[in-house]
Amino acid sequence: MKSNSSRRDFLRSGLALPVAGLASTAGFGKATVQSSPPPSPTSAPKLTYRTIGKTGLKVTSVGFGCMITSDASVIERASDLGINYFDTARGYQHGNNERMVGAALKKKRKDLVLSSKSGGRTKDSALSDLDTSLRELGTDYIDIWYLHGKDRTSDVPDELFEAQQIAKKQGKIRFAGLSTHNAKDMIPFLVKKGALDVVLVTYNFAMDKSMDALIEQASNAGMGVVGMKVMAGGFRRALKPPPPPPPGDRAMRPPPPPPAPPSQLKREGAMLAALKWVLKNPKVDTTIPSMTDMDQLEENLRAMAEPYSQVEEKLLAQQLEQIGPLYCRMCNACEGACAQRLPVANLLRYLTYAEGYGQFSLGREHFLALPAEVTSVRCQDCVSCTVTCPFGVKVSSRLARAQELFA
């Protein structure tokens, strides 16, 4: 078994930096290609590129999702190694994420594709978010500007599409996008609408096979497709209920992480396999897995260089068996099924932030932003649960777990 030091040496050694194929975004017209001496095949990571829909943006098939990154050096190192697509949002880390990303990428901005998002519900609020994003990122324009987290057609009034067109005309964005956890309803709506250049969707090995047809529908309509939540919730470590925090301290202290089981290496391999699984779909133009440290960066770089095989197939089958009762596929079959009117899919997603990604504060932040009539509900008070998950997620126990951790 290889030591962890060999993994770190991969990134700390003096690698030749491949930049061939990076699309310059300095000019808003045609993309240009930079040239550099070819990297050493024995030391440089192998990068693969795809073009996002009809945008002409040529990006690495593995991009960088910055949402939970707190170490700017990981972002800088990723750009040094050739990753050229970075994704952030106005609301990430209370706005601090954009500032960090902008500072980390400042020297290479013209060689990179940068996206951000607004959760604004009106034209004016979205455009205000955009101006703030530009200022915090330290850039004159954003390559792809997404309407953020729009999971119902009613979440996207025409004025939001109008805001994107205004931003285009002003030169503040190059392309318009939308992010959603509900591809089933949103992709057909967006295809019919015909107002977007890119759609950012949840896509991973744990989801229903119908997702492939939806992604193909978007791609055939000329929209670029970017995959998020590609690790199916993370879950790098096996879960077991941690002891509760001391009385009076429950609200502020995150649960201690569970110990790594003997199968830890298999779980790490499953994360690599999960990314490879997404990359084997040619209709997915790029991906934005989260990366918090150098080891995760190295692992994701490997996904571009190594083929998907039967080994990965077996790893993912084992991983799916483990996470089956835990992970919400966001199929929205539970929509409106809760007698207490809880937003089941959202609550399960927030729990995944804490337990799958190890981001307790992020999960709790989202939970506490919900209305009081939601956060005050306790599933243990119900005689029986009215929600049945078609994928076997133990909904009532998972919701009770979220309430225990966050409330």
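## Ser397 and the model

Ser397 is partly exposed, with a relative accessible area of 40%, where buried means under 20% relative accessible area, exposed over 50% and partly exposed in between, computed with a 1.4 Å probe on protein chains only. This residue lies in helix H14 (residues 395-406), helices (H or I, at least four residues) and strands (E, at least two) being DSSP runs numbered from the N terminus. Between the C-alpha atoms of Ser397 and Gln380, which are 17 residues apart along the chain, the separation is 8.6 Å.

The model is a predicted one, in which local features need pLDDT of at least 70 and side-chain atom pairs count only at pLDDT 80 or more, while totals for chains, interfaces and linings use all residues. Residues are numbered from 1 along each chain as its sequence is written, and side-chain values use heavy atoms, with hydrogens and water left out.

## Overall make-up

The secondary structure of the protein comes to 14 helices and ten strands, and 50% of its 407 residues count as buried. When contact is taken as heavy atoms within 4.5 Å, 75% of the contacts between residues at least 6 apart in sequence join residues at least 24 apart.

## Nonpolar cores

A nonpolar core is a set of buried Ala, Val, Leu, Ile, Met, Phe, Trp, Tyr and Cys residues joined through side-chain atoms within 4.5 Å. The largest such core has 102 residues, of which Phe64, Ile75 and Phe86 touch the most other members. Helix H8 (residues 264-279) gives the most to this core, with nine residues. A second, separate core holds 13 residues, including Val59, Phe175, Leu200 and Val226.

Leaving aside its neighbours within four places in sequence, Phe64 is in contact with residues that include Val74, Ile75, Ala78, Ile83, Tyr85 and Phe86, and also with Thr287, Ile288, Pro289 and Met291.

## Helices H3 and H4

Helix H3 is mostly covered, since seven of its ten residues are buried, namely Asn97, Glu98, Met100, Val101, Gly102, Ala104 and Leu105. Among what covers these buried residues are helix H2 (72-80), strand E4 (85-87), E5 and H4.

Helix H4 (residues 123-137) has 15 residues, and at 1.5 Å a residue it should span 21 Å, which agrees with its end C-alpha atoms being 21 Å apart; the expected span is 1.5 Å times one less than the number of residues. In H4, the buried residues include Ala126, Leu127, Leu130, Thr132, Ser133, Leu134 and Leu137, and their cover includes helix H3 (96-105), strand E5 (113-118), strand E6 (142-147), helix H5 (158-169) and strand E7 (173-180). After H4 comes Gly138, whose phi is positive, near 70°.

## Met304

Met304 has its place in helix H9 (residues 294-305) and is buried, with a relative accessible area of 6%. Not counting residues up to four places away in sequence, Met304 touches Lys46, Leu47, Thr48, Thr60, Ser61, Val62 and Leu279. The C-alpha atoms of Met304 and Leu279, 25 residues apart along the chain, are separated by 7.9 Å.

## Two positive phi angles

Most residues other than glycine have a negative phi. Ala232, although not a glycine, has a positive phi of about 55°; this residue is found in the loop between strand E9 (224-228) and H8, and is buried, with a relative accessible area of 1%.

Asn332, which is not a glycine either, has a positive phi of about 65°. The place of Asn332 is in the loop between helix H10 (310-323) and H11, and at 22% relative accessibility this residue counts as partly exposed.

## Cavities

On a 1 Å grid over the protein atoms alone, a cavity is a set of points where a 1.4 Å probe fits but cannot get out, and lining residues have an atom within 4 Å of a point. Grid points are joined across faces, edges and corners, and a volume is the space filled by probe spheres set on the points. By this rule there are three cavities of 30 Å³ or more.

The largest cavity has a volume of about 100 Å³. Of the 15 residues that line this cavity, the closest to its centre are Cys328, Cys331, Cys334, Leu348 and Cys389. Helix H11 (residues 344-355) gives the most to the lining, with three residues. By class, the lining has 13 nonpolar, one polar and one charged residues, where Ala, Val, Leu, Ile, Met, Phe, Trp, Tyr, Cys and Pro count as nonpolar, Asp, Glu, Lys and Arg as charged, and the others, Gly among them, as polar.

Terms used. 1 Å grid on protein atoms, 1.4 Å probe; cavity = no way out; pocket = protein on both sides within 12 Å on 5 of 7 lines; lining within 4 Å.
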